[in-house]
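Please report on the model shown here. Cover the ligand shell, the helix packing and the backbone geometry.

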Amino acid sequence: MAETSDKWENAVDTTRPSIARAYDVVLRGKDNFEVDRAFVREIVKVIPEIYDVATYNRQMLGRGVRFLIDQGIRQFLDLGSGLPTVENTHQVAQRANPESRVVYVDNDPMVLAHGRALLAADERTAVVTSDLRDPAAILGDKAVEGFLDLDQPVGVMLVGILHHLHDSEDPRGIVEAYMDAVPSGSYLFITHFCASSQESREAEEKYLALLGTGRFRSVAEITAFFDGFELVDPGVVPLPLWRPESAVPGELTVGQRLMFGGIARKA
Ligand code: SAM
């Protein structure tokens with residue numbers, strides 16, 4: 001495993017919820033603190049299904065990575081990758097093709113500590129602790145340069161992360177910067193909280209107030225991230241409807257519509 005940015009390692013703040021640890025709570029992990037669990041209890045008051053929503057997102061991540069492998073993608077840049085859990089990107093990808101290379105990028109210091117343990121024996125996976133809002137720094141990082149061949153197609157993954165970027169941070173420009181750096185035949189994979197119900201608007205308020213980030217975008221706004229690329233079928237849809245591998249109920253619940261996602265190809 002490659003690793004960088006040890007300066008982050010002692011920076012775990014247990015006085016405020018963190019995005020990575022709160023997500024770990026809803027994935028029923030153990031890498032979280034009471035402050036993170038208290039945040040999730042507040043979200044449960046408006047979205048009782050929030051634990052299921054995390055599962056839908058992880059299932060979509062798995063289906064999406066398998067789809068990208070089927071398209072010939074052998075290298076992945078997983079931006080806002082989260083704490084290691086089950087069925088991580090490198091495990092899904094390398095099971096389908098052992099040659100697959102994955103660079104994980106996250107700015108949570110716990111991700112580096114746990115990533116180091118999980119990936120200790122994995123020569124094809126790197127963890128970079130850095131802020132994805134600085135694409136130039138990430139694309140110039142020696143772990144990224146050493147692991148990814150930017151002359152070959154890349155699967156650029158922004159799964160469950162863009163809703164943590166405020167409009168003022170130019171998330172569209174950030175997406176473009178990553179996609180500009182990868183060649184034709186690369187793919188963009190996004191999942192995103194959606195303003196799809198009254199409950200989603202209440203959840204957005206709680207995210208902003210308690211976590212400091214949370215921008216639940218409309219379907220049109222999420223779709224706009226893919227402008228200039230070729231969306232693959234079925235387009236930008238609620239996660240359970242994206243190329244499901246088992247039967248989907250006719251009418252979706254609030255939780256099943258809380259996140260939308262899609263994948264597009266760079267021509
Ligand atoms: N992509 C994984 C998934 O969908 O299962 C994890 C999603 S988790 C909700 C979002 C992750 O993005 C967290 O681990 C958080 O630490 C990370 N993150 C948030 N803001 C970030 C930033 N500016 N730079 C890098 N990582 C960030």
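## Ligand shell

Residue classes are set as follows: Ala, Val, Leu, Ile, Met, Phe, Trp, Tyr, Cys and Pro count as nonpolar, Asp, Glu, Lys and Arg as charged, and the others, Gly among them, as polar. By these classes, the shell around the ligand has nine nonpolar, seven polar and five charged residues.

This is a predicted model: local features need pLDDT of at least 70, side-chain atom pairs count only at pLDDT 80 or more, and totals for chains, interfaces and linings use all residues. Residues are numbered from 1 along each chain as its sequence is written.

Of the 21 residues around the ligand, the nearest are Ala-20, Gly-80, Gly-82, Asp-108 and Gly-160. Helices and strands are DSSP runs, numbered from the N terminus: helices are H or I with at least four residues, strands are E with at least two. H1, helix H3 (50-70) and strand E3 (101-106) each give the shell at least two residues.

How many residues of H1 are buried? Eight of the eight are, so H1 is largely enclosed by the rest of the structure. Burial is a count of other C-beta atoms within 10 Å of a residue's own: 20 or more is buried, 12 or fewer is exposed, and in between is partly exposed, with C-beta atoms placed from the backbone. The buried residues are Ile-19, Ala-20, Arg-21, Ala-22, Tyr-23, Asp-24, Val-25 and Val-26. They pack against H2, H3, E3, helix H5 (109-118) and helix H9 (198-211). Contact here requires C-beta atoms, placed from the backbone, to lie within 7 Å.

Just after H1, Arg-28 takes a positive phi of about 60°. Arg-28 lies in the loop between H1 and H2. Arg-28 is exposed, with 12 other C-beta atoms within 10 Å.

## H1 against H2

The axes of helix H1 (residues 19-26) and helix H2 (residues 34-46) come within 9 Å and cross at roughly 65°. Axes are lines fitted to C-alpha atoms, for helices over the stretch in contact; angles run from 0 to 180 degrees between N-to-C directions. H1 and H2 are therefore roughly perpendicular to each other. The angle classes are: under 35 degrees roughly parallel, over 145 roughly antiparallel, 65 to 115 roughly perpendicular, and the rest oblique.

H1 passes H2 in a right-handed crossing. A crossing is right-handed if the near helix is turned clockwise from the far one by less than a right angle, and left-handed if anticlockwise. From H1, Arg-21, Ala-22, Val-25 and Val-26 meet Asp-36, Arg-37, Phe-39 and Val-40 of H2. This contact has five nonpolar, no polar and three charged residues.

## H2 against H9

H2 also packs on H9. Their axes come within 9 Å and cross at roughly 165°. That makes H2 roughly antiparallel to H9. The crossing of H2 and H9 is right-handed.

H2 contributes Phe-39, Glu-42, Ile-43 and Val-46 to the contact. H9 contributes Glu-199, Glu-202, Ala-203, Lys-206, Leu-210 and Leu-211. By class, the contact of H2 with H9 has six nonpolar, no polar and four charged residues.

## H3 against H4

H3 and H4 pack at about 35°, with their axes 9 Å apart. H3 passes H4 in a right-handed crossing. Leu-61, Gly-62, Val-65, Arg-66 and Ile-69 of H3 meet Thr-89, Val-92, Ala-93 and Ala-96 of H4. The contact of H3 with H4 divides into six nonpolar, two polar and one charged residues.

Tyr-51 lies in H3. Tyr-51 is partly exposed, with 16 other C-beta atoms within 10 Å. Tyr-51 and Ala-264 are 213 residues apart in sequence and 27 Å apart in space, C-alpha to C-alpha.

## Backbone geometry in loops

Glu-87 is not a glycine, although its phi is positive, about 55°. Glu-87 lies in the loop between strand E2 (75-79) and helix H4 (89-96). With 12 C-beta neighbours inside 10 Å, Glu-87 counts as exposed.

Which residues does a cis peptide bond join? They are Asp-233 and Pro-234, and omega is about 5°. Pro-234 sits in the loop between strand E7 (230-231) and strand E8 (237-238).

Note on methods: Contact = placed C-beta atoms within 7 Å. Near = placed C-beta within 6 Å.
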